[in-house]
Amino acid sequence: LHHEVIVLDAPREESLGARRLFQIERATEDGVQVVRVRFRRSPVPKTSLLLYLVAVLAAGCAIVRRGFRPDLIHGRYYFIALAAGLLGKLLRAPVVMAEGSECYAVGLPPRIRLEARFAMRLAAVIVPASECLRALMEQHGIHGNFRVIPNPVDMSLFSPAPDRRSHGRPLRLLAVARQIPVKGFPTLLEAVARLCRVRDDVVLDVVGDGPAAAANLALARQFGLDAHVTFHGFRPRQAVAELMRQADLFVLPSLSENCPSVLLEALASGLPVVASDVG
């Protein structure tokens with residue numbers, strides 16, 4: 001079957017450089033049409049959410065005016081759910097909401113919890129990545145037509161190295177995650193520092209970016225790990241797959257998770273995994 005897909009990229013972070021309240025950009029990325037909405041913080045206090053919703057609905061209408069009317073709208077994560085749900089009502093298209101956020105375990109602020117409850121009611125199907133996440137969502141008062149579907153893995157990209165050898169070279173650890181507090185990087189860096197006291201041939205590759213990147217880099221230096229830890233920042237999936245084929249062990253010390261794609265990708269790459277027992 002032929003499926004025509006348009007990606008509407010509308011993150012909830014305000015782009016401060018916008019000249020107008022919002023602007024709509026179009027591009028083709030990896031052969032897929034992308035409509036990207038950028039907007040700046042509303043000048044009226046506590047109305048940024050309203051501006052965000054107006055911008056997303058305007059982008060959706062612009063897509064329809066160009067001849068594309070969706071048969072299905074797919075939303076990702078609670079912070080896009082309200083926009084996706086309202087867009088579905090406007091365009092009379094069913095909405096599938098896929099959820100994989102660990103924020104349900106950490107805790108949602110009351111306002112966000114109410115927003116998520118209302119938004120998920122607009123979805124025809126709610127797709128959490130694990131039974132654990134489904135239970136957490138229900139604990140937050142979110143109810144609907146649930147269907148649990150674990151995250152997929154591209155087995156053509158993530159596969160074992162045919163000649164993986166660790167003898168005679170450093171022990172190479174790999175961590176791939178956004179650098180945010182819930183991913184537990186300080187715990188990992190402390191563990192690597194302790195391990196380096198036992199053996200000096202340990203190296204850790206950290207892939208991912210985020211607001212805690214600078215703090216994690218400073219902590220690594222504080223632990224004296226300059227020669228042992230390399231922060232790669234964001235890397236495309238092809239580069240991550242290659243790093244997995246080069247590594248000896250995958251580590252993920254998250255404080256909360258549900259069904260991390262990187263763990264499945266590491267296993268598909270033939271890597272043993274050390275992860276915290278959460279989610």
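How many bridges join β1 to β3, and do these strands run parallel or antiparallel? I found four bridges, and the two strands run parallel.

Before going on, a note to myself: this is a predicted model, where local features need pLDDT of at least 70, side-chain atom pairs count only at pLDDT 80 or more, and totals for chains, interfaces and linings use all residues. Residues are numbered from 1 along each chain as its sequence is written, and side-chain values use heavy atoms, with hydrogens and water left out.

**The sheet**

I looked up where β1 and β3 belong. They sit in an open sheet of three strands in the order β1-β3-β2, with mixed pairing. Strands here are DSSP runs of E with at least two residues, helices are runs of H or I with at least four, and both are numbered from the N terminus. Two strands pair if DSSP finds at least two bridges between them. The edge strands are β1 (6–9) and β2 (22–29), each pairing on one side only.

**Salt bridges**

I counted next: the structure holds 11 salt bridges. The term means a side-chain nitrogen of Lys or Arg within 4 Å of a carboxyl oxygen of Asp or Glu.

- R36 forms one with E29, and their closest N and O atoms are 3.1 Å apart. R36 counts as buried at 18% relative accessibility, while E29 is partly exposed at 35%. The cut-offs are under 20% relative accessible area for buried, over 50% for exposed, and partly exposed in between (1.4 Å probe, protein chains only).
- E138 and R134 meet at 3.5 Å, N to O. They are four residues apart in helix α5 (residues 131–139), so about one helical turn separates them. Both ends are partly exposed, E138 at 32% and R134 at 28%.
- R245 and E242 meet at 3.3 Å, N to O. Both lie in helix α8 (residues 237–246), three residues apart, about one turn of the helix. Salt bridges that share partners also join D9, E29 and R36 into one network.

**The cores**

Which residues have the most contacts inside the largest nonpolar core? They are Y52, M97, Y104, M120, I126, M137 and I142, in a core of 38 residues. A nonpolar core is a set of buried Ala, Val, Leu, Ile, Met, Phe, Trp, Tyr and Cys residues joined through side-chain atoms within 4.5 Å. α2 gives the most to this core, with eight residues.

I then clicked on M137. Leaving aside neighbours within four places in sequence, M137 is in contact (heavy atoms within 4.5 Å) with residues including Y104, M120 and F146. A second, separate core of 34 residues includes L157, F185, L219 and A268.

**Helix α9**

Last stop: helix α9 (residues 261–268), where V262, L263, E265, A266 and A268 are buried. These buried residues pack against β7 (171–176), α8, β10 (249–252) and β11 (273–275). After α9 comes G270, whose phi is positive, near 80°.
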